[in-house]
Amino acid sequence: MRNIRLTIAYDGSGYCGWQRQKNGLSVQEELERVLTTICNEEITLHGAGRTDAGVHARAMAAHFHTNSPIPPANLQKGLNSMLPGAVRVIALDVMSMDFHARFSAHSKSYHYRISTDRIQPPWERNYVTHVPFELTRDDMRACLDAIEGCHDFASFETAGSRDRELTTGRGSVRTISRARLVEEDEHHLCFEFSGDGFLRHMIRNLMGTILEVGKKRKSPQDFTNILRSRKRSAAGATAPPHGLYLVEVKY
């Protein structure tokens, strides 16, 4: 028996998300189908987390157990030859049996990309969120400064993110080690987030409110007050999924 970790890149445009679901094709299902064929045994993948429909990944991590003796390089080559072009295994490693893609992770990093151009090129429509407004970038940076550190992010948590009846665990408290805005060019902005974990839709909910600040519909102080309120109803709308990328899982 071996415990194998996959590092996976995928274009989430045509999928219902990472996790296997009844209402559409998921990235997990796509990989499990091919792995079961190659390994000649039923394979179940355990991912480092979930991504929503339309969200992309540059380095999702997942692990599975197998009795197959196929060498790692051959297994990776076989996977990529059978997977659709939207999914690629960019690394494959044999791990110790106690490794778990989710529970062994120390931190995750995401990018959220937007374009402020007046007209968005068609080739960007599934990969960059279009926000055709002049945005006050210093005010948005002030919001990012406000979320660094350990905070209760209940204001940016979507219902169903966790079991609220549990009295143990950290609830909606998360630690953000990095939150910054990178100006890629005049019209393309990348918001970078790293932390020890993220609630369901947390980054998209943060971005929805940060963009309200960027449009001057809210102030940086409003944003801070929303964070402290711990009320989802106080925050802005959920930003679209297609600007979001999972870029790294650290172990």
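**Contacts, helix packing and backbone angles in a predicted model**

Leaving aside residues up to four places away in sequence, Glu192 touches Tyr110, His111, Arg178, Ala179, Arg180 and Val182, where contact means heavy atoms within 4.5 Å. The model is a predicted one, in which local features need pLDDT of at least 70 and side-chain atom pairs count only at pLDDT 80 or more, whereas totals for chains, interfaces and linings use all residues. Residues are numbered from 1 along each chain as its sequence is written, and side-chain values use heavy atoms, with hydrogens and water left out.

Glu192 belongs to strand β9, residues 188–195; helices (H or I, at least four residues) and strands (E, at least two) are DSSP runs, numbered from the N terminus. Glu192 counts as buried because its relative accessibility is 13%, buried meaning under 20% relative accessible area, exposed over 50%, and partly exposed in between, with a 1.4 Å probe and protein chains only. The side chains of Glu192 and Arg178 are joined by a polar contact of 3.1 Å (a pair of N or O atoms within 3.5 Å; within protein, one must be able to donate a hydrogen and the other to accept it, and residues adjacent in sequence count only if both atoms are side-chain atoms).

Turning to the helices, α3 (residues 137–147) and α5 (residues 220–229) pack at an angle of about 25°, with their axes 9 Å apart; axes are lines fitted to C-alpha atoms, for helices over the stretch in contact, and angles run from 0 to 180 degrees between N-to-C directions. The helices α3 and α5 are therefore roughly parallel to each other, since angles under 35 degrees count as roughly parallel, over 145 as roughly antiparallel, 65 to 115 as roughly perpendicular and the rest as oblique. Asp139, Ala142, Cys143, Ala146 and Ile147 of α3 make the contact with Pro220, Phe223, Thr224 and Leu227 of α5.

Helix α1 (residues 27–39) and helix α2 (residues 72–82) pack at an angle of about 130°, their axes lying 10 Å apart, which means that α1 is oblique to α2. Val34, Leu35, Thr37, Ile38 and Cys39 of α1 form this contact with Leu75, Gly78, Leu79 and Met82 of α2.

Two loop residues remain. Asn40, in the loop between α1 and β2 (46–47), has a positive phi near 60° and counts as exposed at 70% relative accessibility. His201, in the loop between β9 and α4 (202–214), has a positive phi near 65°, but counts as buried at 18% relative accessibility. Most residues other than glycine have a negative phi.
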